[in-house]
Amino acid sequence: MADSRDDPDADLVAGAVAGDREAFGALLERHYNRIHGLAWQLTGSRADADDIAQDVCCTLAEKIASFRGEARFTTWLFGIVFNACRDLRRRRRSFGALTERLAVWSGLAAAPDGRDLHDALWVKSAISRLGPAYRDAAILVAGHQLTHAEAAEILGVAESTVSWRMHEVRRMLSAEKEGSD
């Protein structure tokens, strides 16, 4: 069981679980951008991220009472976001890989200068070409700075599996970068 002293959301979660609407609202306000950001990274589409974030907020209202504190609140919340994105992906499998790649490209924001934009495009493009298991691990660990243990809990795999996937992601991206230079 997670120690509530390690979770900065513990007091708000306790209030929300007890039915305090203000505490629940504060949790949503505190984490909405993270929910939306993770959904955007996992789907590659701002529109999908908007829909998923709204769905996750509604789901959170239904599920907050089931939070048992076995993990940090953000880990539990990211699990809900991850599952919502995975469900969306399952529903859209028939559109194929092309749709997914186009969605990644459509969600890019302008960077401050040309080199940053080039690097951002290269990284997003390279990550989008990874297999789903590697891409999901990279987004959770590198993109959202979750620990391997937290990512493993969300992905439903062993921590060592996440560590191995991240090793492979670094290897694949390094090989691809060397090939593009």
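**Group meeting: a walk through a predicted helical model**

The structure holds 4 aromatic pairs. Let's start there. One thing first: this is a predicted model.

Take F67 and F73. Their rings sit edge-to-face, with 5.7 Å centre to centre and 80 degrees between the planes. Are these two residues buried or exposed? F67 counts as buried, because its relative accessibility is 15%. F73 is buried too, at 0% relative accessibility.

F73 has another partner. The centres of the F73 and W76 rings are 5.8 Å apart. Their planes meet at 40 degrees, so this pair is tilted. Where do they sit in the chain? Both belong to helix α4, 3 residues apart, so about one helical turn separates them.

Now the nonpolar core. In general, nonpolar side chains tend to be buried together in soluble globular proteins. Here the largest nonpolar core has 44 residues. Which of them touch the most other members? V56, L60, F73 and L140 do.

The most comes from α4, which gives 9 residues.

Look at V56 for a moment. Setting aside neighbours within four places in sequence, V56 contacts I35, L77, I80, V81 and A84.

On to charges. In general, side chains of opposite charge can pair when their charged atoms come close. How many salt bridges are there? The structure holds 4.

First example: R30 and D9. Their side chains meet at 2.5 Å, N to O. This bridge links distant parts of the chain, with R30 in helix α2 and D9 in the segment before α1, 21 residues apart. D9 is buried, with a relative accessible area of 2%. R30 counts as partly exposed, at 43%.

Next, E70 and R68. That salt bridge is 3.0 Å, N to O. R68 is exposed, with a relative accessible area of 57%.

Then R72 and E150, joined at 4.0 Å, N to O. Here too, distant parts of the chain are linked: R72 is in the loop between α3 and α4, E150 is in helix α8, and 78 residues separate them. R72 is partly exposed, at 31% relative accessibility. E150 is buried, at 16%.

What about disulfides? The count is 0. The cut-off is 2.5 Å. C57 itself is buried, at 15% relative accessibility. C85 is another buried cysteine, at 2%.

Last point: confidence. The mean pLDDT of the chain is 80, and 79% of its residues reach 70 or more. Over residues 94-113, though, the pLDDT is below 50. Beyond near neighbours in sequence, that stretch has 19 contacts in the model. How should we treat them? Where pLDDT is low, the predicted coordinates should not be read in detail.

Key. Residues numbered from 1 in each chain as written. Heavy atoms only, no water. Buried < 20%, exposed > 50% of the residue type's maximum accessible area, 1.4 Å probe, protein only. Core = buried A, V, L, I, M, F, W, Y, C linked by side-chain atoms within 4.5 Å. Helix = DSSP H or I, 4+ residues; strand = E, 2+ residues; numbered from the N terminus. Contact = heavy atoms within 4.5 Å. pLDDT = per-residue confidence, 0-100. Phe/Tyr/Trp six-rings, centres within 6.5 Å; stacked < 30°, edge-to-face > 60°.
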